Amino acid sequence: MSSTDLARLALPAGPGSSGSAAARLTRRQKAAIIVRFLLNEGADVPLTDLPEGLQAELTTQMGSMRYVDRTTLTAVVSEFSEELEAMGLTFPRGVAGALSALDGRISAQTAARLRKEAGVRQFGDPWQQVCNADAQHLLNILQSESTEVAAILLSKLDVTRAAELLGRLPGATARRITYAVSQTEAATPDAVDRIGLSLAAQLHQVPPTAFDSGPVERVGAILNYSQAATRDDVLTGLEETDLDFARLVRKAIFTFANIPDRINPRDVPTITRDMPRQDLAPALAAALASGDDDLIGAATFLLDSLSKRMGDALRDEIDEQGTVSAKDGEAAMTAVINTIRTLEASGEITLLVPEDDTSEP
């Protein structure tokens, strides 16, 4: 039975139809009888979804009742069943319920505006919304809110996720929050609920963005497919304009020269197995003949990570390639990178994460 059904019973109304055995009972009394009957039968009655006022009225009504005979119980249950069968369609209660029903079917901008204008919260547990938020949002909350609020949030999270977030906080901040957890013993459910509502509201106030990925990922993806000369020129310009942004972009870029830093040697046989020979051999030949230490190192890394038999066979193919033009060599190296990206997306290999380079000024 849904909360909507319970609310219909609990709404103020006059006595039932005069011909029934339960004619003298009010709607609230009938609701109390139905709830008591369902609880006795072991049903899960979602009373927490009812407005607090109706929960209080239902509880008070149940506390004031003592005994109902079997004939009256049968009449009330029959009347309730008839009402349910006659009900053709129900609508969500209020704007909040409508927003929940239309979630994903109206634009995020419209939903945000309606929620703000109506001053309502979405149905559901606000803490569930908070705990399901992405890690970066939770980290922002932990560092921007008071230590007491951060301690409440940390206590509501799953222990494994709480430990992960704690490890990503600065040491001093993590120590303050964990100590504050020891001071939360006296926190009341009402206070914790208000904190959850406030934090959930903050999450809903995050403005929608036009892009699924951040600027670093977008620039890195573009430069991945750019010619080497263009990529180097852009990175040089970025370093002159914003050194921190340029460093992040360099970490997001994955080109042929980055293979030794991003590929686990044990994954190389998988890559060469899926790579067409018309791309792999020219890519390696062009890299070895380029005079670029990074490209030569990448080609050598791939060859050395194969078995001796496979490596020797591939070296013979490279020798047969002769001279590969710069244009064809770059296209072949791009094909190698595309194959690696495809294998990563399918989960067959995992790219290594480059470490932060703090040696630069």
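**Helix 18 and its neighbours**

Mentor: In this predicted model, helix 18 packs against helix 21 (residues 326-346) at an angle of about 120 degrees, and their axes are 8 Å apart. The range counted as roughly perpendicular is 65 to 115 degrees, and helix 18 and helix 21 are therefore oblique to each other. The crossing of helix 18 with helix 21 is left-handed. On the helix 18 side, the contact is made by Asp279, Leu280, Pro282, Ala283, Ala286 and Ala287. Helix 21 contributes Gly329, Ala332, Met333, Ala335 and Val336. Sorted by class, the residues of this contact are 9 nonpolar, 1 polar and 1 charged.

Helix 18 (residues 277-288) also meets helix 20 (residues 308-321). Here the axes come within 9 Å and cross at roughly 75 degrees. Helix 18 and helix 20 are therefore roughly perpendicular to each other, as angles of 65 to 115 degrees count as such. From helix 18, the residues involved are Arg277, Leu280, Ala281, Pro282, Leu284, Ala285 and Leu288. Their partners in helix 20 are Leu314, Glu317, Ile318 and Gln321. This contact divides into 8 nonpolar, 1 polar and 2 charged residues. Leu280 and Pro282 take part in the contact with helix 20 and are also listed in the contact with helix 21.

The next topic is the nonpolar core. The largest one has 31 residues, and those touching the most other members are Phe256, Ile259, Ile263, Leu284, Val336 and Ile340. Leu284 belongs to the helix 18 side of the contact with helix 20, while Val336 belongs to the helix 21 side of the contact with helix 18. Two or more residues of this core come from each of helix 17 (268-274), helix 18, helix 19 (293-304), helix 20 and helix 21.

Setting aside neighbours within four places in sequence, Ile340 is in contact with Phe254, Ile259, Ile263, Ile271, Ile349 and Leu351. Of these, Ile259 and Ile263 are also named among the core residues that touch the most other members.

Another core, of 25 residues, lies apart from this one; Leu139, Leu142, Leu165 and Val192 are among its residues. Thr173 and Leu142 are 31 residues apart in sequence, and their C-alpha atoms are 8.8 Å apart. Thr173 has 15% relative accessibility and so counts as buried, the cut-off being under 20%.

Definitions and conventions
Residues numbered from 1 in each chain as written. Predicted model: local features only at pLDDT ≥ 70, side-chain atom pairs only at ≥ 80, totals over all residues. Heavy atoms only, no water. Axes fitted to C-alpha atoms, helices over the stretch in contact; angles between N-to-C directions. Helix = DSSP H or I, 4+ residues; strand = E, 2+ residues; numbered from the N terminus. Parallel < 35°, antiparallel > 145°, perpendicular 65-115°, else oblique. Contact = heavy atoms within 4.5 Å. Nonpolar A, V, L, I, M, F, W, Y, C, P; charged D, E, K, R; others polar. Left-handed = near helix turned anticlockwise from the far one by under 90°. Core = buried A, V, L, I, M, F, W, Y, C linked by side-chain atoms within 4.5 Å. Buried < 20%, exposed > 50% of the residue type's maximum accessible area, 1.4 Å probe, protein only.
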